[in-house]
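Work through each task before reading its solution.

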Amino acid sequence: MFKEKYDVIVVGGGHAGCEAAAAAANLGSKVLLVTMNMQTIAQMSCNPAMGGVAKGQIVREIDALGGYSGIITDKTMIQFRMLNRSKGPAMWSPRAQSDRMRFAEEWRLMLEKTPNVDFWQDMVSDLIVKNNKVCGVITSMGIEIESKTVILTNGTFLNGLIHIGEKQFGGGRSGERAATGLTETLERIGFESGRMKTGTPPRVDGRSLDFAKMEEQPGDENPGKFSFTDTPKLENQRSCHITYTNQDVHDILKTGFEKSPMFSGRIQGLGPRYCPSIEDKIERFSERDRHQIFVEPEGWNTVEMYINGFSTSLPENVQHEAIKLIPGFENAKIFRPGYAIEYDYFPPTQLKLSLETKLVDNLFFAGQINGTTGYEEAACQGLMAGINAHRLCNNEEAFILKRSEAYIGVLIDDLVTKGTDEPYRMFTSRAEYRILLRQDNADLRLTEIGRKIGLVGSERMKKLDNKLKNTKEAISFFEKTNLEPQEINPILQNNDSAEVKQKTRAGKILSRPQIKIEDLKEIKSIKTLYKKISKEGLEQAEIQIKYNGYIQRENETVKKVSKLENIRIPSSFDYKKVAAISLESREKLSTIQPTTIGQATRISGVSPSDINVLLVFMGR
């Protein structure tokens, strides 16, 4: 049936699989996307939202490199909010509520329009491995499909086990079967595996809720977007709502604790620390008498609501009783109960920074198989794996982003260098260069790189050039233009900022923390500037002027640290022969096999003195 050999086979049609297939195909590789169900490609398994703190930055980075997640989100979102606006721009994080059904539909249509992508509905149960190199896959129907590379993006499906109270049954998602065979194949080859768990809340009928008893959470007045391309502007939005649990809710939930698979030990896998179940929150934060609940619509034309903050695996009757005690939920009708799901993952220290495995050549892992949680974390790994699988097919050097270049670089370096024993979620605090890695400048950082690797076209480059030109012109204006005291002092007074007694540079005024560029737009000269400079150019100019000192300092730090990142360690280096390094370091370095001295410094257990010994061996 499959006489043709593929360049890349992508196993799994989730967020990682979609980005991997699109990237490899757009670069020119012949791609086969194998998924167990063609109707659930790009399914939002949990909450119907994209972005958020640090995750929004990742989506913008995917877009800047030429991936599709930002474009799909813009086309299908029902609400947009820029989080953390009250903080500095390093913390600003875009987040969108998505139309769940339209999101999946748009992704599938996008893939079907992408030349070089073929589809096959089946379960991959085995790999074809010859001479330590993957050569294809074997499906549950016994079909062998050959390829130069394989990318595994299995999500929560590998030996997935769903828990609701004392009930448990196999499945990778509610109503879908688990994937079997692959874990056993990989373990037989020599891969180490583990178990993780995640959970999801009940879905309820919005017609049965009393929103008057809840706090409305509308979208931004002037909604932004994720993609740097000309995606449609969001004209209308749907509100979310906020309500709270109470002591009565907690008391009912506690009656089910003895049947909880989490507390009884039936669940072996570790769950996400930063997105705990409601029963876990009640247990861990017993001093709190209430917890916040976000009621999120699942789309434009559906009554289904996602109950964010109420993830649970308690018996369904306990869920039903407890949820009716939440204000606004007195008459709530549940469409489907919450559940927990356990699944296999493979500790990511078994990967190279390219996401190719160390044990088997040409085999890549991306997404939750690597121990991450979240659509955005999965999507960016898929993008990188797709790029690198294509490059491997064409004997090109692996494409690796540094920690100073992107949150994507931070995520992959964290996984490969440090590993994870609980579901990994990205936060701004994980990035030591977050002042440089802002959501507003993802295109300035990465679009030129995307062009060089072949994913970014000329239209994107034109937009980037225009933004750079606008930014430069605006900065030059603020650096050269003087403002008279009589035109600036009323504005300073209104914003609790000290008045000036003489002509003052516009840039000096804008650098004050109390003053925003918006405050100055009625000044005649600045009003003229507003007419000819794009909104993006003005925003970029404001950030660069206001935070110039911080940005320069961080760039200096990057230059110093990059010296270590540029000292490469030969792949054949034998750490066991270096007696001056501690035994723990030798074991860790031998396992991780860092590619640079910089990466070696981030391995837990490797001390500064061990690094100094390595530098001597490297002739430094």
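A residue is called buried when its relative accessible area is under 20%, exposed when it is over 50%, and partly exposed in between. The model examined here is predicted.

**Exercise 1.** Determine how aspartate 63 and arginine 460 are paired, and where the two residues lie.

*Solution.* Step 1: the two residues form a salt bridge, with 3.1 Å between the closest N and O atoms. Step 2: aspartate 63 belongs to helix H2 (residues 55–65) and arginine 460 to helix H13 (residues 458–480), so that the pair links distant parts of the chain, 397 residues apart. Step 3: both aspartate 63 and arginine 460 are buried.

**Exercise 2.** Trace the salt bridges of aspartate 414 to arginine 403 and lysine 418.

*Solution.* Step 1: arginine 403 and aspartate 414 form a salt bridge whose closest N and O atoms are 2.8 Å apart. Step 2: arginine 403 lies in the loop between helix H10 (375–393) and helix H11 (407–418), while aspartate 414 is in helix H11, so the pair ties together parts eleven residues apart in sequence. Step 3: aspartate 414 also meets lysine 418 in a salt bridge (3.3 Å, N to O). Both of these residues lie in helix H11, four residues apart, about one turn of the helix.

**Exercise 3.** Classify aspartate 414 and lysine 418 as buried, partly exposed or exposed.

*Solution.* Step 1: aspartate 414 has a relative accessible area of 5% and is therefore buried. Step 2: lysine 418, at 47%, is partly exposed.

Technical notes:
Residues are numbered from 1 along each chain as its sequence is written. This is a predicted model: local features need pLDDT of at least 70, side-chain atom pairs count only at pLDDT 80 or more; totals for chains, interfaces and linings use all residues. Side-chain values use heavy atoms; hydrogens and water are left out. A salt bridge is a side-chain nitrogen of Lys or Arg within 4 Å of a carboxyl oxygen of Asp or Glu. Buried means under 20% relative accessible area, exposed over 50%, partly exposed in between (1.4 Å probe, protein chains only).
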